[in-house]
Amino acid sequence: MSLALLYLQIDSALTLSAQLGILFGKDAVGFDEIDWAYSRLPRLAMALLVGSVMGCIGSVIQQLTRNPLLSPVTLGTSSGAWLGLILLAVFWPQGQTEYQAIAAMLGSAFALGFVLLISGLRNLTGLSLILSGMAINLLFGAITTALILLNDQYARNLFIWGAGDLSQNGWEKVHWFWPHCLIALGILAFAGKPLTLLRLGQAAASARGLNVVLLFFILIMSGLWLLSTAITMVGIIGFIGLVAPNAARFLGARTASSELLVSTLLGAGILLSADGIALFANTMTFDIVPTGLTTALIGAPLLIFLIRQRVGATLHENAPFKLFQGANIFTYKTIILAVCAVLTVSILGIFTHIENHLYGFHWPTEFAWPLRWPRLIASLFSGAGMAVAGVILQRLIHNPLASPDLLGLSAGAILALITVSLFFGIRISELGPLVAFIGSMSTLGVLLILGKRFQFAPAALILTGVALTALIETLIQGVLMTGTDDVYDILRWLSGSTYRVTQSQAIILMIGVSVFILIAFGLQRWLTLLSISRITASARGVSVQKSFILLLIISAGLCALITALVGPIAFVSIVAPHLASLLGAQKVTSQLFLSMLLGATLLQFSDWLGQVIIYPNQLAAGTVVAIIGGSYFIVLLLKNRNTV
């Protein structure tokens with residue numbers, strides 16, 4: 001109550017007696033009273049409702065899966081809802097008035113279905129489910145970015161949803177939203193007992209008469225509908241569903257019912273506090289500060305604190321690294337075929353010519369050649385470098401779903417570019433790669449400082465990276481909602497494109513990636529031993545922490561250099577190592593070498609396909625590789641999920 005009263009006083013010209021008069025039925029007269037009655041009060045109501053709903057959903061998801069680091073954000077459902085809204089805006093703009101909630105619901109359900117199919121119902125408590133959700137976030141994010149860039153006239157007005165904002169213009173949204181919140185009251189009233197039984201395990205709960213599948217379906221679908229209606233009203237508000245349940249357990253909530261109740265109350269309190277900070281910040285600047293931004297500024301440090309205190313240890317994974325098994329056909333013929341594939345896609349990139357929508361092949365003109373060879377070099381070496389970075393990180397983290405982007409390295413580069421652009425008034429496209437590189441390596445430095453407490457345990461380290469990534473992406477969304485021309489510069493950078501790489505940058509990229517790859521090959525013994533276990537590596541005379549940090553720096557350096565010049569191209573680092581292992585490259589040296597060739601082939605082919613598939617428009621290489629690699633990745637994981 002006191003928090004709500006304090007919230008109502010922020011930047012208010014009304015006395016407390018005038019506010020109480022309006023609350024007890026006095027008609028609002030004058031601008032200040034009308035603004036308070038029809039803007040501030042409904043905003044307070046919306047903050048309480050949305051925060052409560054998000055806290056309740058987060059607790060339901062975490063108790064159903066017994067995974068303390070799941071939420072609508074980490075499960076991919078928020079990105080699915082965002083994609084659903086964009087698809088509705090692009091392909092049926094007339095339906096936005098009535099069908100936004102349904103579109104968001106379908107998108108979030110589609111994302112959740114993919115995540116569950118990828119990880120399998122047996123892996124709901126492990127790190128693999130979180131990484132599967134983040135992979136879906138990357139895939140859906142790439143598709144969403146492509147749709148926005150190709151249809152900006154339809155999607156521009158939806159940037160506000162990406163940042164999350166609780167601004168209200170009357171009570172209409174509150175009146176529409178509050179009946180849906182009755183579902184949350186039903187969950188609070190009736191879900192405690194079955195969730196308590198579920199804590200005994202699925203088999204024990206079923207033996208006591210609980211229909212586990214039906215419970216999972218009812219609670220998840222109820223949660224998705226609540227999430228969809230909330231996103232429709234205020235946009236994507238991250239962290240609440242992740243932090244509130246963990247904070248509830250940290251404060252002593254032990255039973256299922258108490259955790260649901262305390263999470264709901266904490267969700268309302270956290271969002272109200274974050275929105276109060278946003279309101280105060282609005283008084284200090286002419287720009288609108290979105291609530292999603294201040295929520296992230298509160299939620300990310302809280303999440304990192306919880307990981308450092310107790311959560312990270314519950315998901316510690318130190319099992320030997322397992323590759324996807326495939327036919328053992330890694331021979332010199334495989335290498336020759338991979339080299340031929342690199343040459344083929346290189347020839348396509350150099351010789352393809354389009355004129356009057358007719359495709360042909362001939363040597364590029366003197367004007368085209370200076371533009372094409374930097375793109376070719378950038379795509380080949382970026383693909384090779386990201387593949388090697390993926391091999392290193394997947395073996396260090398002991399999980400073949402890991403990607404350097406999940407550590408926040410690409411997001412750190414983008415944040416550095418945006419920060420420099422805002423403070424110095426320089427366009428993103430005019431900034432040097434050094435700024436982006438510093439941003440990526442600064443993120444790595446923060447990770448290493450935070451990771452020292454838990455001895456760089458893989459699970460806790462990557463979860464800290466997820467928190468930093470989510471925080472940085474929220475900051476980026478806050479810039480996107482300004483609607484300036486810089487928005488599309490940022491989106492093009494986020495999509496990962498080779499078109500802006502200059503000749504000098506291509507040479508720098510080629511030399512830098514080559515040096516990092518050579519160092520990686522030189523340290524293959526360390527990587528092999530760390531892939532088995534830290535105990536084995538230590539017994540063989542390897543300094544575990546130093547070797548871990550050095551290999552992590554190599555992976556981060558590759559990701560930072562490539563992101564600085566090309567942009568984020570995450571799926572190459574996930575898919576290329578898997579393809580290499582399926583072709584029989586089980587040893588570190590063979591996997592590094594074959595992954596390098598496959599990554600170069602995949603990114604160059606994606607770059608060429610993006611140039612020709614919707615000519616005269618173009619799709620960025622990062623978008624195409626996310627769609628191709630993400631689709632393949634999902635099929636691959638469906639076939640091999642029991643081995644992950």
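So, the lining of the largest pocket: its residues split into 13 nonpolar, eight polar and three charged. Nonpolar here is Ala, Val, Leu, Ile, Met, Phe, Trp, Tyr, Cys and Pro, charged is Asp, Glu, Lys and Arg, and the others, Gly among them, are polar.

Bear in mind this is a predicted model, where local features need pLDDT of at least 70 and side-chain atom pairs pLDDT 80 or more, while totals for chains, interfaces and linings use all residues. Numbering starts from 1 along each chain as its sequence is written, and side-chain values use heavy atoms, with hydrogens and water left out.

By pocket I mean an open set of points on a 1 Å grid over the protein atoms alone, where a 1.4 Å probe fits, with protein on both sides within 12 Å along at least five of seven lines; lining residues have an atom within 4 Å of a point. Of the 24 lining residues, G349, R372, R375, Q611 and Q618 lie nearest the centre. Two or more residues each come from α17 (332-351), β1 (352-355), α18 (369-397) and α28 (588-612). Those are DSSP runs numbered from the N terminus: helices H or I, at least four residues, strands E, at least two. Which element gives the most to this lining? That's α18, with six residues.

Now, a helix pair. α23 (residues 503-522) and α26 (residues 544-565) pack at about 170°, axes 10 Å apart; axes are lines fitted to C-alpha atoms over the stretch in contact, and angles run from 0 to 180 degrees between N-to-C directions. So α23 is roughly antiparallel to α26, a label for angles over 145 degrees. Their contact (heavy atoms within 4.5 Å) includes F516 of α23 and L561 of α26.

Note on methods:
Angles under 35 degrees count as roughly parallel, over 145 as roughly antiparallel, 65 to 115 as roughly perpendicular and the rest as oblique.
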